[in-house]
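My notes are set down below in the order in which I took them.

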Amino acid sequence: MHLLHDVRLVFEAISLSLHALQRRSAPDALAPEIEDAHHLLETGRALIDEALVCRTLRPTSPYIDLNSVLYDLSTILNTMTGPDIEIRVKMTSGDTRVFGQRGDLERIVLNLVQNAADAMRSGGVLMIGTEMVPATAGSNVDKVRLTIRDTGRGISDRTLRAALDPYARPRLDGTGYGLSSVSSIVRRLGARMTIEAPCGQGTIATILFPLAGPSF
């Protein structure tokens with residue numbers, strides 16, 4: 001079961017890398033080959049999903065440890081970003097179990113990291129962290145904050161609004177690719193995302209997840 005899931009995760013990372021290659025190439029360059037590769041990846045993922053369903057003997061847990069997802073993704077993230085980007089990870093020691101499935105959190109992290117890498121093509125620093133947010137008077141639920149921050153070129157307000165539009169086409173330069181998908185997943189998980197991206201000053205993506213509680 002774990003092996004099938006790991007293979008699917010590799011397919012997801014390859015798909016994101018192909019998107020990045022396509023965006024960095026001249027218009028229509030490699031388009032047929034990349035589209036064929038995407039088709040093969042989608043077929044492979046569909047087969048893996050079918051196998052996972054067939055092998056599931058009990059309902060999937062509605063909880064997942066955010067820190068464990070970041071830890072398991074560490075090797076793939078380094079491969080995706082390349083040697084010119086330094087990744088700094090700082091995870092809280094608290095309980096980071098949140099509502100959702102592993103695949104949901106992986107898609108969030110992979111898409112945000114891919115955007116950060118696209119914004120730092122000449123190199124930079126990518127900071128990924130989790131921290132606990134205690135309940136307040138306005139909210140009686142403890143939360144955990146996921147922050148992904150880069151030192152890239154940033155995103156203009158106009159581009160950011162377009163990137164979060166589920167009906168907008170992805171920009172050819174890759175700016176904001178996948179943000180509408182991330183935003184949809186975040187809302188479905190009952191979390192809240194904010195993005196600060198002043199041009200030339202990097203991008204800070206913050207997602208506030210409600211904790212699943214002290215016990216299952």
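**Entry 1: ground rules.** I am working with a predicted model, in which local features need pLDDT of at least 70, side-chain atom pairs count only at pLDDT 80 or more, and totals for chains, interfaces and linings use all residues. Residues are numbered from 1 along each chain as its sequence is written, and side-chain values use heavy atoms, with hydrogens and water left out.

**Entry 2: confidence.** I looked up pLDDT, the predictor's confidence in each residue from 0 to 100, and found a mean of 78 for the protein, with 68% of its residues at 70 or more. Over residues 170–175 the pLDDT stays under 50, and the model has 14 contacts beyond four places in sequence for this stretch, a contact being heavy atoms within 4.5 Å.

**Entry 3: overall make-up.** Taking helices (H or I, at least four residues) and strands (E, at least two) as DSSP runs numbered from the N terminus, I list six helices and seven strands, in the order α-α-β-α-β-β-α-β-β-α-α-β-β from the N terminus on. Of the 216 residues in the protein, 43% are buried, that is, under 20% relative accessible area with a 1.4 Å probe and protein chains only, where exposed is over 50% and partly exposed lies in between. Among contacts between residues at least 6 apart in sequence, 73% join residues at least 24 apart.

**Entry 4: α3 against α4.** I used axes fitted to C-alpha atoms over the stretch in contact, with angles from 0 to 180 degrees between N-to-C directions. The axes of α3 (residues 66–81) and α4 come within 10 Å and cross at roughly 35°. The residues that meet include L70, L73 and L77 in α3, and V109, V113 and A117 in α4. By class, this contact has twelve nonpolar, three polar and three charged residues, where Ala, Val, Leu, Ile, Met, Phe, Trp, Tyr, Cys and Pro count as nonpolar, Asp, Glu, Lys and Arg as charged, and the others, Gly among them, as polar.

**Entry 5: α4 against α6.** The axes of α4 (residues 102–119) and α6 (residues 179–188) come within 9 Å and cross at roughly 150°. Among the residues making the contact are R107, I108 and N111 of α4, and V182, I185 and R188 of α6. I note six nonpolar, three polar and three charged residues in the contact of α4 with α6.

**Entry 6: two residues of β4.** I128 is found in strand β4 (residues 124–133) and is buried, with a relative accessible area of 3%. I128 touches, among others, L70, L77 and V113, and the C-alpha atoms of I128 and V113, 15 residues apart along the chain, are separated by 9.1 Å. V125 also lies in β4 and is buried, at a relative accessible area of 16%; its contacts include E86, M120 and D150.

Entry 7: Between T96 and K143, which are 47 residues apart in sequence, the C-alpha to C-alpha distance is 8.4 Å.
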